[in-house]
Amino acid sequence: DVKEIAGYGMKGIINGKMVLVGNAKLLTENNIVFNEINSISTVTYVSYDHKYLGAFEIDDEEKEETKEFLLKLKKHGIKKNIMLTGDNKERAIVFAKELAIDEVNASLLPTDKLEVAEKYQKNDKIMFVGDGINDSPVMIAADCSFSMGQLGSDAAVEASDFVLINDNLNGIIETVKISKKTRVLVLENIIGSILIKVIVMILGFFGLIPLWGAVLADVGVMLIAVLNALRVKI
């Protein structure tokens, strides 16, 4: 009977007795007596039958491409890179310095992450990248969201707009490039089609183009638009 408590940890039953595995808040809420460990790592506490057993520390490692990816985002028009994490502030600051992140928001619960995201969303569009169940609320609210296909939780994958199948962050850069190119092609097709149709209508109104010419022009515009759209694959 294992239950995940978002932002806190997990609770389960073994041999009819309660097991807790999670952060300090989880043990405190269940009235477990323990000594909180001061560490820049993520500390996970364990208790069994309302007795504190111990703790272990977990250190994250940034993905190899993360720093390069964040710098590329700036080149593609992203104003600010912001970290939203449930980890402690000290650890988050260490990562922020290593990765040149502009702003850090740490020790956040899922609802806290959502509040921070909504604050920025009042004035700007936001893109969110995450992999955990705690990221799901922000992914749903964000203007655009990406999740990890291999390491991400099912909830994050379902809530996101895009899924990085190979978990490589550079896939986001490729998505941005494709979207920009697609937008240009769409505008070309719309403007080009309207312009040619207006010219043909004017020529037809003055009797300067036969009916078959107008039909040919209409079909030609459609074919040109289709062929132009295929350029998105190039």
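**Figure 1. Phe-206 sits in the loop between helix 7 and helix 8 (211-229).** Helices (H or I, at least four residues) and strands (E, at least two) are DSSP runs, numbered from the N terminus. This is a predicted model, in which local features need pLDDT of at least 70 and side-chain atom pairs count only at pLDDT 80 or more, while totals for chains, interfaces and linings use all residues. Residues are numbered from 1 along each chain as its sequence is written, and side-chain values use heavy atoms, with hydrogens and water left out. Phe-206 is exposed, with a relative accessible area of 57%. Here, buried means under 20% relative accessible area, exposed means over 50%, and partly exposed is in between (1.4 Å probe, protein chains only). Phe-206 belongs to a nonpolar surface patch of about 1000 Å². Patches take residues with over 30% relative accessible area and no salt bridge; nonpolar side chains (Val, Leu, Ile, Met, Phe, Trp, Tyr) are joined within 5 Å, and like charges within 9 Å. Accessible areas come from the Shrake-Rupley method with a 1.4 Å probe, and for residues only the protein chains shown count as cover.

**Figure 2. Asp-60, Glu-61, Glu-62 and Glu-98 form a negative surface patch.** Asp and Glu count as negative, Lys and Arg as positive; His and the chain ends are not counted. Each charge is placed at NZ of Lys, CZ of Arg, CG of Asp or CD of Glu. Glu-62 lies in the loop between strand 5 (51-58) and helix 2 (66-75). Glu-62 counts as partly exposed, because its relative accessibility is 37%.

**Figure 3. Lys-72 and Glu-68 form a salt bridge.** Side chains of opposite charge can pair when their charged atoms come close. A salt bridge is a side-chain nitrogen of Lys or Arg within 4 Å of a carboxyl oxygen of Asp or Glu. By this rule there are 11 salt bridges. In the pair shown, the closest N and O atoms are 3.2 Å apart. Lys-72 and Glu-68 are 4 residues apart in helix 2, so about one helical turn separates them. Lys-72 is partly exposed at 27% relative accessibility. Glu-68 is also partly exposed, at 44%.

**Figure 4. Lys-74 pairs with Asp-102 in a salt bridge.** The closest N and O atoms are 3.1 Å apart. Lys-74 lies in helix 2, and Asp-102 in the loop between helix 3 (89-99) and strand 7 (103-105), so the pair ties together parts that are 28 residues apart in sequence. Both ends are partly exposed: Lys-74 at 34% relative accessibility, Asp-102 at 41%.

**Figure 5. A salt bridge joins the side chains of Asp-135 and Lys-113.** The N to O distance is 2.8 Å. This pair links distant parts of the chain, 22 residues apart. Asp-135 is in the loop between strand 8 (127-130) and helix 5 (136-141), and Lys-113 is in helix 4 (residues 110-121). Asp-135 and Lys-113 are both buried.

**Figure 6. The largest nonpolar core has 16 residues.** Such a core is a set of buried Ala, Val, Leu, Ile, Met, Phe, Trp, Tyr and Cys residues joined through side-chain atoms within 4.5 Å. Phe-69, Leu-70, Ile-101, Leu-164, Leu-169 and Ile-172 touch the most other members. Helix 2, helix 3, strand 9 (144-148) and helix 7 (170-205) each give two or more residues to this core. Helix 3 gives the most, with 4 residues.

**Figure 7. Asp-49 and Asp-167 have positive phi angles.** Most residues other than glycine have a negative phi. Asp-49 has a phi of about 55 degrees. Asp-49 lies in the loop between strand 4 (42-48) and strand 5 and is partly exposed, at 27% relative accessible area. Asp-167 has a phi of about 65 degrees. Asp-167 is in the loop between strand 10 (162-164) and helix 7. Asp-167 counts as buried, because its relative accessibility is 4%.

**Figure 8. Asn-38 is placed in the loop between helix 1 (24-29) and strand 4.** At 77% relative accessibility, Asn-38 is exposed. Asn-38 and Asn-88 are 50 residues apart along the chain, with C-alpha atoms separated by 9.8 Å.
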